[in-house]
There are 2 protein chains.
Amino acid sequence: MNIVALPVTRRNANQRRRAPQIIEAAARVFAERGFHGATTQDIADVLGIKQASLYYYFSSKEAALELVCVKGVEGFFDAAKAIAVRPESATNRLTLLIKSHLSPLVDRPDFVRVFLNERQHLPRESRRRIGRWSRGLERIFEDVIKEGIAQREFRADLDARLATLAILGMCNAASNWHRKESTAIDRTAAEFAQLVIDGMGKRPAAPRRRR
Amino acid sequence: MNIVALPVTRRNANQRRRAPQIIEAAARVFAERGFHGATTQDIADVLGIKQASLYYYFSSKEAALELVCVKGVEGFFDAAKAIAVRPESATNRLTLLIKSHLSPLVDRPDFVRVFLNERQHLPRESRRRIGRWSRGLERIFEDVIKEGIAQREFRADLDARLATLAILGMCNAASNWHRKESTAIDRTAAEFAQLVIDGMGKRPAAPRRRR
DNA sequence: GGATTTTTCTATAGGTTAATAGATGGAATT
DNA sequence: AATTCCATCTATTAACCTATAGAAAAATCC
């Protein structure tokens with residue numbers, strides 16, 4: 001009698017089992033050659049299947065790009081949000097944000113690079129969606145910095161917007177060099193945090209003021 | 001008589017007068033759509049000529065890309081070198097380097113963006129050439145920072161390499177946002193310089209030590 | 001083991017694009 | 001005025017690439 005019920009078999013759960021691999025191959029190829037420089041044939045070659053078989057997993061090349069970009073950005077956002085609301089000093093939270101922002105570069109470098117460099121080639125609609133996430137991330141950084149200024153942890157004359165763009169810029173750039181440079185990502189994060197918070201200059205001998 | 005002499009006419013001087021315009025159009029289109037996303041037809045449309053006419057000015061699309069990239073990077077290098085050798089403090093020179101590195105973003109944003117984002121699509125040979133310039137530029141920054149450490153203007157525990165990559169990363173990222181953000185480039189430069197030299201944190205009241 | 005579902009394959013249509021060849025019109029030169 | 005040179009045009013080729021349709025094969029289920 002089961003006519004109304006959900007499909008009786010559990011086979012549906014087994015659909016498109018290789019989907020994650022397919023998207024990963026797409027990420028690799030898009031990262032290497034750029035969206036327009038990559039062909040669906042290139043992706044198929046990585047997987048050892050025929051070009052046309054890919055269309056069982058995505059409906060168009062652009063759809064594949066969106067899947068890759070989403071995986072590239074979603075990690076950042078949630079992690080950052082969780083850090084921003086912690087009951088810690090702005091200084092500490094900013095340090096954690098930097099670390100958290102750099103770590104996907106190690107985990108899924110291809111996805112991140114595609115998100116950073118190729119999202120501009122998404123069709124209007126999906127580009128907007130992705131852009132919203134991106135701006136949300138900027139906001140999280142900016143708000144923490146503004147709090148730091150209000151709490152007098154940071155200079156009063158600091159421009160929170162420019163500082164945000166500077167920090168994100170230096171972190172994102174790491175996606176270009178972290179393969180070649182031999183620096184561990186934790187060390188990079190620590191160094192970057194110290195750079196923006198304390199600067200390069202020598203401080204006077206006096207210990208840091210407590211507030 | 002004149003058989004051995006150089007061509008007698010001065011016509012040769014008038015060859016390919018529009019070449020600069022052609023390259024500028026290519027820069028604009030490559031910057032907007034990326035190298036592979038742009039078609040030679042797009043470039044021709046900007047100029048109001050036919051697609052095939054472009055090949056009077058360059059021998060291939062890739063050759064056009066190289067011309068654009070060269071114009072995108074050559075400005076940086078010479079300016080930076082001149083600054084690095086001035087008899088000033090490392091702090092001042094670094095501030096000037098940052099300012100000098102940002103200014104082409106205003107002068108020729110398309111060339112710079114193409115150099116930054118599309119040079120990876122150059123054929124092997126020209127990519128190497130361009131890469132050499134790029135590394136030379138990094139070196140200039142890094143050397144000034146190292147001097148600053150040696151002179152005790154900067155912290156002894158500073159990692160000159162990472163600081164260089166951080167500074168170039170934040171400056172280069174400006175090519176992505178400086179159109180949308182309403183900040184004047186001089187102000188950006190000043191803010192960035194202060195950020196990396198003094199940091200965001202409040203300093204103790206004591207004045208900076210003189211050496 | 002037969003039926004059903006999932007995955008991959010073959011074949012191909014249809015559109016786009018970089019690049020070449022040779023012609024044309026106009027400007028500069030003599 | 002005839003000639004040479006420059007810039008652009010027309011026409012076309014050959015390669016390439018995305019996406020679709022339907023058949024075949026492999027895996028799963030009962």
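Which rotation, and what shift along its axis, superposes chain B on chain A? A rotation of 180° with 0.0 Å of shift along its axis does so, at an RMSD of 0.1 Å. The two copies are thus related as by a two-fold rotation axis. The superposition is by least squares on the C-alpha atoms of residues with pLDDT of at least 70 in both copies. In chain B, the C-alpha of Gly199(B) is the one nearest the axis, 1.8 Å from it.

The model is predicted: local features need pLDDT of at least 70, side-chain atom pairs count only at pLDDT 80 or more, and totals for chains, interfaces and linings use all residues. Residues are numbered from 1 along each chain as its sequence is written, while chains are lettered from A and ligands numbered from 1 in the order in which they are written.

Chain A has nine helices and zero strands. Helices (H or I, at least four residues) and strands (E, at least two) are DSSP runs, numbered from the N terminus. The order of elements in chain A from the N terminus is α-α-α-α-α-α-α-α-α. Of the 211 residues in chain A, 38% are buried. A residue counts as buried if 20 or more other C-beta atoms lie within 10 Å of its own, as exposed if 12 or fewer do, and as partly exposed in between, with C-beta atoms placed from the backbone. Among contacts in chain A between residues at least 6 apart in sequence, 67% join residues at least 24 apart. Two residues are in contact if their C-beta atoms, placed from the backbone, lie within 7 Å.

The interface takes 38 residues from chain B and 38 residues from chain A. On the side of chain B that touches chain A, the elements giving two or more residues are α8 (160-177) and α9 (185-198) of chain B. α8(B) gives the most, with ten residues. By class, this side of chain B has 17 nonpolar, eleven polar and ten charged residues. Here Ala, Val, Leu, Ile, Met, Phe, Trp, Tyr, Cys and Pro count as nonpolar, Asp, Glu, Lys and Arg as charged, and the others, Gly among them, as polar. The copies meet through the same surface, because 100% of the interface residues of chain B are also interface residues in chain A.

Glu191(B) lies in helix α9 of chain B. Leaving aside residues up to four places away in sequence, Glu191(B) touches Asp159(A) and Leu162(A). Glu191(B) counts as partly exposed, with 19 C-beta neighbours inside 10 Å.

Helix packing was examined within each chain. In chain B, the axes of α3 (residues 61-84) and α6 (residues 109-118) come within 7 Å and cross at roughly 110°. That makes α3(B) roughly perpendicular to α6(B). Axes are lines fitted to C-alpha atoms, for helices over the stretch in contact, and angles run from 0 to 180 degrees between N-to-C directions. Angles under 35 degrees count as roughly parallel, over 145 as roughly antiparallel, 65 to 115 as roughly perpendicular and the rest as oblique. From α3(B), Leu65(B), Val68(B), Cys69(B), Lys71(B), Gly72(B) and Val73(B) meet Phe111(B), Val112(B), Val114(B), Phe115(B) and Glu118(B) of α6(B). The residues of this contact divide into eight nonpolar, one polar and two charged.

In chain A, α4 (residues 90-102) and α7 (residues 124-150) pack at an angle of about 155°, with their axes 9 Å apart. α4(A) is therefore roughly antiparallel to α7(A). Ala90(A), Thr91(A), Arg93(A), Leu94(A) and Leu97(A) of α4(A) make the contact with Phe141(A), Val144(A), Ile145(A), Glu147(A) and Gly148(A) of α7(A). This contact comprises six nonpolar, two polar and two charged residues.

Most residues other than glycine have a negative phi. Arg16(A), not a glycine, has a positive phi of about 50°. Arg16(A) sits in the segment before α1 (19-33) of chain A. Arg152(A), also not a glycine, has a positive phi of about 60°. Arg152(A) lies in the loop between α7 and α8 (160-177) of chain A. Arg152(A) is exposed, with 12 other C-beta atoms within 10 Å.
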